[in-house]
Amino acid sequence: MASRPLDNKTVTTLVSDATTAPSMHNAQPWRFRYLSAEHLLLLRADPERAMPHSDPDNRSLHLGCGAALFNLRVAAAHADLVTETTLLPEPGDPLLLAAVRLSAPLPHRPADTELSRLHPAVRQRHTSRHPFAEKDVPGDVRAALEAAAAREGAVLLFPGSWHAETVLDLVRDAENRDVMDREANEDVLRWTRLGEEAHTAVDGIPEYAFGPRKQGGRAPVRDFAGRRRVADRGTTVFENLPHLALLSTRGEGPADWLRAGQALERVLLEATLADLATSLTSHALEAPELRLLARDPATGTGQVHMVLRLGYGPRGPATPRRPVKDVLEIT
């Protein structure tokens, strides 16, 4: 254990890096509390930022918090700190998602250099809702991304052509359901920012991050504008053969969701270092039965949690983040 509490600046920097993680509609559903005397950083879910219509079981909330937890581990390793992480440390307190003990490195327990290597990507990773080039992702890059997921206890699968068609069909079905179901878009309306609000918001998806409207192509890119008018947005053709990957875990429950979120962020950071642009969709996975349909019917097991789209193209703009003082308490 570190011989003295970390200074507030270091803790603030760690949490600042953690909160660059992706979350559903950029709701940022996390809070942190640092217990100085115990060198313990607690990660809590923020239920006020849950999605009651599109994420009723809080699965995506846990994925986002898991991604933030992974960024925290990366930031700690970059600061030459060792982390000891416990998921769901208090069974009677389901909002307490993780406890991370921070300590100085020792000869027999150094900081994790593999995690530290990913640190430059923490602030370079952005969701891209732009077209990607019709260019293959090399096999060695795919293998590195698969290994990244495996290190966090998850599986990353690059589906074959017929399996990818099934996934794209599920995405299209989800889009059609939104047209017919007024309640389905309530979470989107709450968390998208248009006009002047887009330039002052500290959360949500601002209109400048919507990307162009899809005029053609088959890439699974959600249109967050819907029927609302967005100035200077434009239209364009997306790729016809999008490169997809499916992230899954063996189990289905809060601890599995947190592991999946950590695996997701590890994959995204590795992809960013490999000069890949990425976007995410869980639109077609919001119901448990759909998550089963998304997996490979021949070899698939477990639960699919996220569809990733990978390729070479613009990384997309940075989206707003809440000030650290609003999400971190130090005692």
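Which residues touch the most other members of the largest nonpolar core? They are Trp30, Phe32, Leu41, Leu43, Leu72 and Leu328, in a core of 30 residues. A nonpolar core here is a set of buried Ala, Val, Leu, Ile, Met, Phe, Trp, Tyr and Cys residues joined through side-chain atoms within 4.5 Å. This is a predicted model, in which local features need pLDDT of at least 70 and side-chain atom pairs count only at pLDDT 80 or more, while totals for chains, interfaces and linings use all residues. Residues are numbered from 1 along each chain as its sequence is written, and side-chain values use heavy atoms, with hydrogens and water left out.

**Overall form**

- The protein chain contains ten helices and 13 strands. Helices (H or I, at least four residues) and strands (E, at least two) are DSSP runs, numbered from the N terminus.
- For 331 residues, a compact globule would have a radius of gyration near 20 Å, and the 19 Å of the protein chain agrees with this. The radius is taken over C-alpha atoms, and the globule rule is 2.2 Å times the number of residues to the power 0.38.
- The C-alpha trace spans about 60 × 45 × 35 Å along its principal axes.
- Contact means heavy atoms within 4.5 Å. Of the contacts between residues at least 6 apart in sequence, 75% join residues at least 24 apart.

**Surface and charge**

- Buried residues account for 53% of the 331 residues. Buried means under 20% relative accessible area, exposed means over 50%, and partly exposed lies in between (1.4 Å probe, protein chains only).

- In soluble globular proteins, nonpolar side chains tend to be buried together.
- The largest core has 30 residues, with Leu41 and Leu72 among those that touch the most other members. Two or more of its residues come from each of helix H1 (8-18), strand E1 (30-35), strand E2 (40-45), helix H2 (59-78) and strand E4 (96-103). H2 gives the largest share, eight residues.
- A second, separate core has 22 residues, including Leu145, Ala271, Met306 and Leu308.

**Buried residues away from the chain ends of helices and strands**- Histidine 25 lies in the loop between H1 and E1 and is buried, at 7% relative accessibility. Leaving aside neighbours within four places in sequence, histidine 25 is in contact with residues including Met51, Asp187, Trp191 and Phe224.
- Proline 206 is in strand E7 (residues 205-206) and is buried, at 0% relative accessibility. Not counting residues up to four places away in sequence, proline 206 touches Arg193, Ala198, Thr319 and Pro320. Proline 206 and proline 317 are 111 residues apart in sequence, with their C-alpha atoms 10.0 Å apart.

**Exposed and partly exposed residues**

- Alanine 37 sits in the loop between E1 and E2 and is exposed, with a relative accessible area of 70%. Alanine 37 and threonine 331 are 294 residues apart in sequence, and 8.2 Å separates their C-alpha atoms.
- Leucine 273 belongs to helix H9 (residues 254-273) and is partly exposed, at 33% relative accessibility. Leaving aside neighbours within four places in sequence, leucine 273 is in contact with Arg117, Leu118 and Ala121. Leucine 273 and arginine 322 are 49 residues apart along the chain, and their C-alpha atoms are separated by 25 Å.

**Positive phi angles**

- Most residues other than glycine have a negative phi.
- Aspartate 80, although not a glycine, has a positive phi of about 65°. Aspartate 80 is in the loop between H2 and strand E3 (82-87), and at 43% relative accessibility it is partly exposed.
- Leucine 88 has a positive phi near 45°. Leucine 88 is in the loop between E3 and E4 and is partly exposed, at 28% relative accessibility.
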